Amino acid sequence: MATKRTHKITLIPGDGIGPEVSGAMVKVLEAAGEATGVGFEWHEYAAGADAFEATGEYIPKALYESVEQNKVAIKGPVTTPVGGGFSSINVTLRKKFDLYANFRPVKSLPGLETKYPNIDMIIVRENTEDLYSGLEVEVVPGVVQALKIITEKGSSRIAQFAFDYAKKHNRKKIHAIHKANIMKLSDGLFLRCCRKVSEGFPEVEYKEHIVDNTCMQLVLNPYQYDIILTENLYGDILSDLCSAFVGGLGLVPGANLGAECAIFEAVHGSAPDIAGQDKANPTALLQSAVLMLHHLNEAEAAERVQSGIEQVYREGKTLTRDVGGSAGTKAFADAVLAAMESPVAAK
Ligand code: NAI
């Protein structure tokens, strides 16, 4: 089929398992695009330690310019040194482009057995504030302080995002997750903003849970949650917890959304324990690419990729190790490519 539309996308493969899952994602998107009349122009950039080695910058200026121009990027994970070293590339990009909404749908895949079948929830995480402000100081030797920044603007707009999404997509319930019993000013402000926004949406049930109780409630009965609306740190932790309901970090996609730009990336990190071994599950990045295709208004290509993924899980013959199979990253991607060609997926 002749290409009808071409999208310029900034591609940040990342490090660790990033290049493997990104390679799989590009292959699958190219094939889906070919079949649905969508072309991609990939503008590829390194970030983090690899970029520093090559250019002397952790985030090269050309990468920033590319995201500014293309407005849409997809990235693999980038390793952040623990307890020192350079600041997180991921957090820096989210702040630089004011990608305030981190949108993470957690949905069971057909055919994949887990302890919690038929999960369908969404985590909406504030993405630019909180303890991720990076404001840490040693007050005196042996005493350090980390600043938790919560603003009315940041809290109101993430709440607005969650309620707008709920209304548009017919979601019934939003839980604001907080620790305002202890952090009365900061989490208190967050809650006040959520309550105020909720008043404009009488059709969406609004509830509040304290974060530690939420962890227990999630494990006991995750089905009570529909949309989880929360601050940056709690959202980060709860995302990994919720990923386990549907089979783990190899599966859950994400989008970092702002008014101008969007960067799509999986919830998982660079997984150094399995990097370079053809063991990584590319499903999470593939499903992030599905979110990206919807963002680009390419619903047909998006559905083709999603149904290809779902067919592979339904058949259960070519699954990666994290979900009980023995296939490698490449074999999984090839199975998705084959599934997209089959009559079921190509309907
Ligand atoms: P991680 O998410 O990289 O790995 C946690 C566990 O999940 C590991 O056992 C790993 O093998 C497994 N896993 C993750 N993704 C998988 C996949 N696609 N397929 C199969 N198994 C998978 O978390 P960890 O180890 O805490 O972090 C490693 C590095 O990644 C750190 O430097 C961290 O800062 C960075 N990171 C980067 C993120 C990003 O770029 N957005 C997000 C989270 C962490």
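What follows is a chat about a predicted model, its ligand site and some of its aromatic residues.

Trainee: Let's start with the ligand. Which residues come nearest to it?

Mentor: Val78, Gly269, Ala271, Asp273 and Asn281 come nearest, out of 22 residues around the ligand. Keep in mind that this is a predicted model.

Trainee: And how does that shell divide into nonpolar, polar and charged?

Mentor: The shell has 9 nonpolar residues, 8 polar ones and 5 charged ones.

Trainee: What about the ligand's oxygen atoms? Which polar backbone atom is 2.7 Å from one of them?

Mentor: That one belongs to Ala271. A polar backbone atom of Thr80 is also there, 2.9 Å from a ligand oxygen. With Lys75 you look at the side chain: an N or O atom there sits 3.3 Å from an oxygen of the ligand.

Trainee: OK, and how much of the ligand does the protein bury?

Mentor: The protein buries 70% of the 810 Å² that the ligand exposes when taken alone.

Trainee: Switching to aromatics. How many aromatic pairs does the structure hold?

Mentor: There are 10 aromatic pairs. One of them is Tyr64 with Phe97: the ring centres are 6.1 Å apart and the planes are at 55 degrees, so this pair counts as tilted.

Trainee: Where do Tyr64 and Phe97 lie?

Mentor: Tyr64 is in helix α3 (residues 61-70), while Phe97 is in the loop between α4 (89-96) and β4 (101-107). The pair therefore ties together parts 33 residues apart in sequence.

Trainee: Are those two buried or exposed?

Mentor: Both Tyr64 and Phe97 are buried. Compare Phe103 and Phe161, with planes at 70 degrees and ring centres 6.4 Å apart; that pair is edge-to-face because the angle is over 60.

Trainee: Which residues form an aromatic cluster?

Mentor: Phe52, Tyr58 and Phe86 form one.

Trainee: Last topic, Val219. Where is it, and what is it in contact with?

Mentor: Val219 lies in helix α7 (residues 211-220). Leaving aside neighbours within four places in sequence, Val219 is in contact with Tyr116, Leu241 and Phe245.

Trainee: Why do you call Val219 partly exposed?

Mentor: Because its relative accessible area is 46%, and buried would mean under 20%, exposed over 50%.

Notes
Residues are numbered from 1 along each chain as its sequence is written. This is a predicted model: local features need pLDDT of at least 70, side-chain atom pairs count only at pLDDT 80 or more; totals for chains, interfaces and linings use all residues. Side-chain values use heavy atoms; hydrogens and water are left out. A residue is near a molecule or strand if one of its heavy atoms lies within 4 Å of it. A polar contact is a pair of N or O atoms within 3.5 Å; within protein, one must be able to donate a hydrogen and the other to accept it, and residues adjacent in sequence count only if both atoms are side-chain atoms. Accessible areas come from the Shrake-Rupley method with a 1.4 Å probe; for residues, only the protein chains shown count as cover. Ala, Val, Leu, Ile, Met, Phe, Trp, Tyr, Cys and Pro count as nonpolar, Asp, Glu, Lys and Arg as charged, and the others, Gly among them, as polar. Helices (H or I, at least four residues) and strands (E, at least two) are DSSP runs, numbered from the N terminus. Buried means under 20% relative accessible area, exposed over 50%, partly exposed in between (1.4 Å probe, protein chains only). Contact means heavy atoms within 4.5 Å. Rings of Phe, Tyr and Trp (its six-membered ring) pair if their centres lie within 6.5 Å; planes under 30 degrees apart count as stacked, over 60 as edge-to-face and the rest as tilted.
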